Amino acid sequence: MWITAELLALAAVAWVMLWRLDDWREWALCAEVDPDAFFPEKGESTRAAKNICRKCLVKVECLRSALANDERFGVWGGLSDRERRRLRRIASESPATRTDPT
């Protein structure tokens, strides 16, 4: 019986998350920790923030928001500002000009 209750609870959470995608911030793990971890000083590690992001259920929505809003600082969706710039650059390259990694 407890498995059924667990599955129902997970299904309910998933449904609420889908229903309220624009409120993804309410589900974000980063809201529960010190925000300074997500905005390290230049040269400091982003490891702590990325470890939190790794466990977050709304990491994809966070990254989408950061890319859509051109966030230039901090860790968003598990990626640093440098990693997001790289992702934007790769996405903007046309298939004809994209460098083949092989």
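Residues are numbered from 1 along each chain as its sequence is written. In this predicted model, local features need pLDDT of at least 70, side-chain atom pairs count only at pLDDT 80 or more, and totals for chains, interfaces and linings use all residues, while side-chain values use heavy atoms, without hydrogens or water.

**Exercise 1. Find where confidence is lowest and highest.**

Step 1. Take pLDDT, the predictor's confidence in each residue, from 0 to 100. The protein's mean is 84, and 79% of its residues reach 70 or more.

Step 2. Go to the helices (DSSP runs of H or I, at least four residues, numbered from the N terminus). Helix α1 (residues 2-19) is lowest, at a mean of 68, and helix α2 (residues 47-54) is highest, at 95.

Step 3. Read with care: where pLDDT is low, predicted coordinates should not be read in detail.

**Exercise 2. List the largest nonpolar core, then trace the contacts of C56.**

Step 1. Look for buried Ala, Val, Leu, Ile, Met, Phe, Trp, Tyr and Cys residues joined through side-chain atoms within 4.5 Å. Buried means under 20% relative accessible area (1.4 Å probe, protein chains only).

Step 2. The set has seven residues: W24, A28, C56, V58, C62, A66 and W76.

Step 3. Contact means heavy atoms within 4.5 Å. Setting aside neighbours within four places in sequence, C56 contacts W27, A28 and L29.

**Exercise 3. Describe the buried residues of helix α3 and what covers them.**

Step 1. In α3 (residues 59-68), E61, C62, L63, S65 and A66 are buried.

Step 2. Their cover includes α4 (81-92).

Step 3. After α3 comes D70, with a positive phi near 50°.

**Exercise 4. Is S80 buried or exposed?**

Step 1. Locate S80 in the loop between α3 and α4.

Step 2. S80 is buried because its relative accessible area is 10%.

Step 3. Beyond residues up to four places away in sequence, S80 touches T46, K50, G74 and V75.

**Exercise 5. Characterise the lining of the largest pocket.**

Step 1. A pocket is an open set of points on a 1 Å grid over the protein atoms alone, where a 1.4 Å probe fits, with protein on both sides within 12 Å along at least five of seven lines; lining residues have an atom within 4 Å of a point.

Step 2. Of 14 lining residues, P40, E41, K42, G43 and D81 lie nearest the centre.

Step 3. Sort the lining by class: four nonpolar, four polar and six charged. Here Ala, Val, Leu, Ile, Met, Phe, Trp, Tyr, Cys and Pro are nonpolar, Asp, Glu, Lys and Arg charged, and the others polar.

Definitions and conventions: Buried means under 20% relative accessible area, exposed over 50%, partly exposed in between (1.4 Å probe, protein chains only). Helices (H or I, at least four residues) and strands (E, at least two) are DSSP runs, numbered from the N terminus.
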